Amino acid sequence: MNSIWTDHTILPHFPSLEGDTHTDVLIIGGGITGILCAYFLHQKGIRYLLAEGQTICSGITQNTTAKITSQHNLIYHKLLKSIGAEKAKLYFLANQDALKTYESLCQTIDCDFEKKPSYVYSLNNRKKLEKEADALSQIGISPKLTETHELPFPTVGAICFHEQAQFHPLKFLAQISQNLNICENTFVKELSKNTAVTNQGNITYQQLIMTTHFPIDNKHGMYFLKMYQHRSYIIALEHAAQLHGMYIDEDKQGFSFRNYKDLLLIGGGSHRTGKSGENWQILRDFAKTYYPLSVENAFWAAQDCMTLDQIPYIGLYSKRMTNCYVATGFQKWGMTSSMIAAIILSDLLAGKENPYTSVFYPSRSILKPQLLVNAWESTANLLRFSKKRCPHLGCALRWNSAEHSWDCPCHGSRFRADGKLLDNPANGDWNPKEQ
């Protein structure tokens, strides 16, 4: 169940921490966000240390579909309503800057970077597309409402963003992570005042960046209420279609498509972590119908943090933690969001103002309808009778028969059958024999 990105990709390895140390900036988490933050701090001459509990890119980063795009489904008409035209335009510009930064870096990195048009299509609701096109026009972006001719099924049209991109994320990260100050197999098990505690020693710091996918600190910021997690599934097919664009259905239960070399990647089957869902079977059924001569080359799953308002949390961890920063809640668009986070956070730590800070400010209002859903899910699962309890905040775990794991419906922690931690925010393994 490994993604195609892990095949034949050799990532650099780094030593683990040996004894106590001090740094100006500690980054916790060695996925794409943490590595990009380290890269930009390195470029700015700021002393930093990145601590990764396992090896770099061993978590969520290796399971992406690796689209680099400002087109995050049909989001701009929602942003226009929720944050206004000025900030909606800034959201677009932030993602465009991320795309341009990738393009600049990839000029000297062999990572299969390709410019591609990106499409959001609809099977049956052209009015949604027209509404999004109108919102884009209001914030000064010229939308293109077009037809889809590459997909094997009829649609009522799509919105196209030209000059977007796709790449091989691990090839990219293998190059930019070289010569960075990284400690692998250095698991931060506890945070106290300006100190991170690991089994290998303590790391004292002046400022902290948390890039652990889901933040591991529950005392501040209320991220356990402000986010939940989603599972989604991908298969890679040989002998299927070669598409010239990247596609995603506007419907949450629809499919996404992109090619990598001679493989067609199809994603879908998403559901809240800990809930039942379609998983890979719906993708395989689709492939049998529309690509009957195809052969499955690989399959894998991804997990994404979802925010209350569909905007990532990037900036100060909370108003009470003025030396701690966070990047999380990327809403299934982790490639551009991780680059935005690295640009914003490295600017803030260098004492430089960034025009996008206000859009992604983590302490913005939490009074959103999704908050009630999150609170209900947490309460229901806390009260549900079960001996299998998540060590994070005590919610009842549920067995995921498709992936053979114990999953938490409250906040998305996942564990192997033997209790080994797969996905946070739980900050350690779970012992099923004790329950």
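Guide: Start with Lys115 and Glu163, whose side chains form a salt bridge with N and O 2.8 Å apart. Lys115 sits in strand β4 (residues 114–122) and Glu163 in strand β6 (residues 157–166), so 48 residues separate these distant parts of the chain. This is a predicted model. Lys115 has 34% relative accessibility and counts as partly exposed. Glu163, at 49%, is partly exposed too.

Next comes Lys128 with Glu250, a salt bridge of 3.1 Å from N to O. Lys128 belongs to helix α3 (residues 126–138), while Glu250 is in the loop between β12 (246–249) and β13 (256–260), so the pair ties together parts 122 residues apart in sequence. Lys128 is partly exposed at 39% relative accessibility. Glu250 is buried, because its relative accessibility is 10% and the cut-off for buried is under 20%.

Glu377 counts as buried at 11% relative accessibility. Lys275 is partly exposed at 31%.

Salt bridges can also share partners: Arg231, Glu403, Asp407, Arg414 and Asp423 are joined that way into one network.

Now the whole chain. The salt bridges number 18. The chain carries 43 positive and 39 negative side chains, and the centres of the two sets are 7 Å apart. Of its 435 residues, 58% count as buried.

Key:
Residues are numbered from 1 along each chain as its sequence is written. This is a predicted model: local features need pLDDT of at least 70, side-chain atom pairs count only at pLDDT 80 or more; totals for chains, interfaces and linings use all residues. Side-chain values use heavy atoms; hydrogens and water are left out. Buried means under 20% relative accessible area, exposed over 50%, partly exposed in between (1.4 Å probe, protein chains only). Lys and Arg count as positive and Asp and Glu as negative; His and the chain ends are not counted. The place of a charge is taken as NZ of Lys, CZ of Arg, CG of Asp or CD of Glu. A salt bridge is a side-chain nitrogen of Lys or Arg within 4 Å of a carboxyl oxygen of Asp or Glu. Helices (H or I, at least four residues) and strands (E, at least two) are DSSP runs, numbered from the N terminus.
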